[in-house]
Amino acid sequence: MKKVILILVVLVAIGGIFLVSRSSNKSTPAGSNTTHTSSDASPSATDSSQAVETDTVTITNFKFSPAVIKVKKGTTVHWTNKDGVAHTVTADSGTGPKSDNLADGATYDYTYTQTGNFSYHCNIHPGMKGMVIVTD
Ligand SMILES: [Cu+2]
């Protein structure tokens, strides 16, 4: 009977080692993983490392594109809705853009006069998020 328990303990220990080695393999960046993570856009919708230097944002397919832009202080940013439905450009908090409902083809301008990271969203579709990074 003791022998059986001993074998079980050994098996559990081996299983534990196996699981640990599997999870550590997962965290190492393998080439095949890259495509997997890049297709999943939702957690990194306003990832500042993806900032594009432009003053023009297009709204298509329920997305701000590019979602994160980088501009110099004093820049006027232009949004154009090219979606079949209305959207807004609305600052998450404080000062920032506060557009009316923008129909298909409508544009909206906002001038950023302070430096910082200014996140915004669509009032109609709260899952739509964007960010403007303003630098000196
Ligand atoms: Cu919207």
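## Aromatic pairs

A search of the whole structure, which is a predicted model, finds five aromatic pairs. Rings of Phe, Tyr and Trp (its six-membered ring) pair if their centres lie within 6.5 Å; planes under 30 degrees apart count as stacked, over 60 as edge-to-face and the rest as tilted. The pair of Y110 and Y112 is edge-to-face because the ring centres are 4.8 Å apart and the planes stand at 75°. Y112 also pairs with F118, and this pair is tilted, with 5.4 Å from centre to centre and 45° between the planes.

Y112 counts as buried at 2% relative accessibility, and F118 counts as buried at 17%. Here buried means under 20% relative accessible area, exposed over 50%, and partly exposed in between (1.4 Å probe, protein chains only). Elsewhere, ring pairs link F64, W79, Y108 and Y120 into a cluster.

## Basis of the model

This is a predicted model, in which local features need pLDDT of at least 70 and side-chain atom pairs count only at pLDDT 80 or more, while totals for chains, interfaces and linings use all residues. Residues are numbered from 1 along each chain as its sequence is written, and side-chain values use heavy atoms, with hydrogens and water left out.

## Overall architecture

The protein contains two helices and nine strands. From the N terminus on, its elements run α-α-β-β-β-β-β-β-β-β-β. Helices (H or I, at least four residues) and strands (E, at least two) are DSSP runs, numbered from the N terminus.

Of the 136 residues in the protein, 24% are buried. The protein exposes about 8900 Å², of which carbon and sulfur atoms supply 58%; accessible areas come from the Shrake-Rupley method with a 1.4 Å probe, and for residues only the protein chains shown count as cover. Among contacts between residues at least 6 apart in sequence, 46% join residues at least 24 apart, where contact means heavy atoms within 4.5 Å.

## The copper site

Which protein atoms are the donors of the copper ion? They are H87 (ND1), C122 (SG), H125 (ND1) and M128 (SD), lying 1.9 to 2.8 Å from the ion. Donors are N, O and S atoms within 2.8 Å of the metal (3.2 Å for Na, K and Ca); water is not among the atoms, so sites may look incomplete. The arrangement is tetrahedral because the four donor atoms subtend angles of 86 to 134° around the copper ion. Four donors count as tetrahedral if all angles lie between 85 and 135 degrees. Ideal angles at a metal are 109.5 degrees for four tetrahedral donors.

Along the chain, the donors of the copper ion follow the spacing H-x34-C-x2-H-x2-M. H87 lies in the loop between β5 (76–81) and β6 (90–91), and M128 in the loop between β8 (116–121) and β9 (129–135), so the pair ties together parts that are 41 residues apart in sequence. H87 counts as buried at 0% relative accessibility, and M128 counts as buried at 4%.

## The loop residue T75

T75 lies in the loop between β4 (68–72) and β5. With 18% relative accessibility, T75 counts as buried. The side chain of T75 reaches the backbone oxygen of K72 at 2.5 Å. Not counting residues up to four places away in sequence, T75 touches D55, Y110, T111 and Y112.

## Backbone features and the loops around β3

Most residues other than glycine have a negative phi, and most peptide bonds are trans. In the loop between β2 (56–60) and β3, N61 has a positive phi of about 50° although it is not a glycine. F62 is found in the loop between β2 and β3 and has a positive phi of about 60°, although it is not a glycine. N61 counts as exposed at 61% relative accessibility, whereas F62 is partly exposed, with a relative accessible area of 43%.

The peptide bond from S65 to P66 is cis, with omega near -5°. P66 has its place in the loop between β3 (63–65) and β4, and A67 is found in the loop between β3 and β4. The C-alpha atoms of A67 and M131 are separated by 6.3 Å, although these residues are 64 apart along the chain. Not counting residues up to four places away in sequence, A67 touches A45, Y120, K129, G130 and M131.

Key: Tetrahedral: all angles 85-135°; square planar, octahedral: opposite > 155°, others 65-115°. Polar contact = N/O pair within 3.5 Å; in protein donor to acceptor, adjacent residues only side chain to side chain.
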